[in-house]
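The following paragraphs guide a new reader through selected parts of a protein model. Please keep the sequence and the structure in view while reading.

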Amino acid sequence: MIKLIASDMDGTLLNHNHKIPKENVKLINFAKNQGIEFVVATGRAYYEALPALNEENINCDVISFNGGIVYDKNGNIISITPMLPKDLYYTIEILKSFDISYQLYTKNTIYTTSIETDTNAYIDLIRSNGYEPDVEHLRAEAQQKLEVGYITEVENIELYLNEKENPPIKIIAISNDISKLENAAKLLSENTSISVTSSGANNIEIMHKNATKGTALKEIAKIYGINLENAVAIGDNLNDQAMLDIVGYSVAMKNGNIKLKEQAKYVTEKTNSEGGVADTIFKLIEQNNKIKEDINEVLVKAAIEATKYAYVPYSNFKVGAAILAENGKIYTGCNIENASYSPTNCAERTAIFKAVSEGVTKFKKIAVVGGPNGNLENYCPPCGVCRQVISEFADKDFELILGTSENTYAVYNFFEEVLPLSFTSKELKK
């Protein structure tokens with residue numbers, strides 16, 4: 001059974017324009033509703049990872065800097081593993097000897113000598129993977145990072161190696177001369193105090209030996225009490241190897257590194273820009289978790305929880321509803337009474353209006369429970385007004401679930417069994 005999903009970002013969760021495809025957003029919301037923990041594991045700094053996550057309202061634990069700093073859902077640091085000064089100087093001297101440019105990733109900012117060079121390197125990497133990047137968007141994104149302080153352009157990075165409140169976590173070396181990178185990596189690997197990996201064909205990444213995605217994932221799994229045999233790890237490059245090696249379900253991206261694909265148990269059929277993460281993990285969950293039965297239980301349970309907030313000073317008849325949106329998110333509602341009666345709002349409409357107010361208008365099913373004083377002895381079907389509202393947003397396969405407990409419920413096809421003679425927008429077009 002899958003209880004935890006850990007996903008890399010660039011080349012995996014994100015498309016080639018640094019956005020999360022809608023399919024992957026749907027997976028994350030679905031996993032959350034199923035009680036499956038979702039964790040981001042990225043080479044990015046925390047402040048670099050947040051914008052893409054915040055854009056889709058995704059709140060999760062974040063393994064940043066390849067494991068150099070681990071954050072919980074609230075942004076608190078769980079652990080931090082900075083590079084030692086001697087290893088920093090050792091690394092920089094080797095990179096300088098090969099004339100390889102580099103960035104210094106610190107807790108609070110990324111130091112670079114040329115943001116233009118760094119942006120061009122990323123554009124080259126995208127093109128090497130067979131995509132044409134949105135260059136204007138990537139340059140605008142880089143400029144925004146510069147303006148908010150996520151990236152700092154300096155003349156000499158070495159002046160910033162020993163800032164007390166801003167520990168250095170990672171160095172990333174960038175070059176289109178692959179032979180230079182390979183030779184540098186070989187020399188760096190002789191230092192047993194550091195780990196040397198890569199997140200793309202034109203870079204190598206250097207961290208403290210204990211700063212790996214695998215070590216960090218073990219830490220998070222321990223916090224949640226989850227056996228890693230019940231975890232999925234998915235990535236596209238060598239810096240993901242450490243976490244793929246320790247989980248029960250290791251997945252490499254179709255667009256990923258050849259070595260990683262050879263060692264993973266599964267390889268996605270779609271690329272990162274095609275929603276490959278969702279396509280493969282949905283299948284794994286369906287194969288290993290009891291989804292079709294469980295989601296109905298989750299909805300009924302959520303509806304029961306919603307009855308606790310019913311405002312019913314006049315009838316004392318508490319009703320709760322939980323509706324499953326097409327994007328995998330669940331919205332709940334309760335009934336809210338009014339002294340003049342007619343403004344009273346039913347639980348079903350509260351849940352639907354809550355979702356619509358957030359831009360969601362497509363739904364799969366709704367669970368409704370209710371009874372006097374919250375006593376759920378009998379099924380509580382929607383009133384006529386609520387049935388009409390439901391029909392506005394339901395498709396032909398929409399289901400109504402009536403329950404008395406999370407284990408006792410009945411499922412009805414809405415248009416066939418609940419409101420077969422409905423008046424919908426189709427009638428207005430006739």
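Which residues form a nonpolar patch on the surface? Tyr311, Tyr314, Ile336 and Tyr341 do so, with about 460 Å² of accessible area together. The model is a predicted one, in which local features need pLDDT of at least 70 and side-chain atom pairs count only at pLDDT 80 or more, while totals for chains, interfaces and linings use all residues. Residues are numbered from 1 along each chain as its sequence is written, and side-chain values use heavy atoms, with hydrogens and water left out.

Accessible areas come from the Shrake-Rupley method with a 1.4 Å probe, and for residues only the protein chains shown count as cover. Tyrosine 311 is found in the loop between helix H12 (291-306) and strand S15 (317-325); helices (H or I, at least four residues) and strands (E, at least two) are DSSP runs, numbered from the N terminus. Tyrosine 311 counts as partly exposed because its relative accessibility is 46%, buried being under 20%, exposed over 50% and partly exposed in between (1.4 Å probe, protein chains only).

A second region comes from a record. An unreviewed UniProt entry places the feature "binding site" at Cys346, Cys383 and Cys386. These residues are spread over 41 residues of sequence, yet they cluster in space, with a largest C-alpha distance of 8.4 Å. UniProt positions are given in the numbering used here, feature names are shortened, and annotations may be inferred rather than shown by experiment.

Cysteine 386 belongs to helix H14 (residues 384-393) and is buried, because its relative accessible area is 0%. Cysteine 346, for its part, lies in the loop between strand S16 (330-334) and helix H13 (347-356). Leaving aside residues up to four places away in sequence, Cysteine 346 touches Cys334, Asn335, Cys383 and Cys386, where contact means heavy atoms within 4.5 Å.

Terms used: Patches are made of residues with over 30% relative accessible area and no salt bridge: like charges are joined within 9 Å, nonpolar side chains (Val, Leu, Ile, Met, Phe, Trp, Tyr) within 5 Å. A salt bridge is a side-chain nitrogen of Lys or Arg within 4 Å of a carboxyl oxygen of Asp or Glu.
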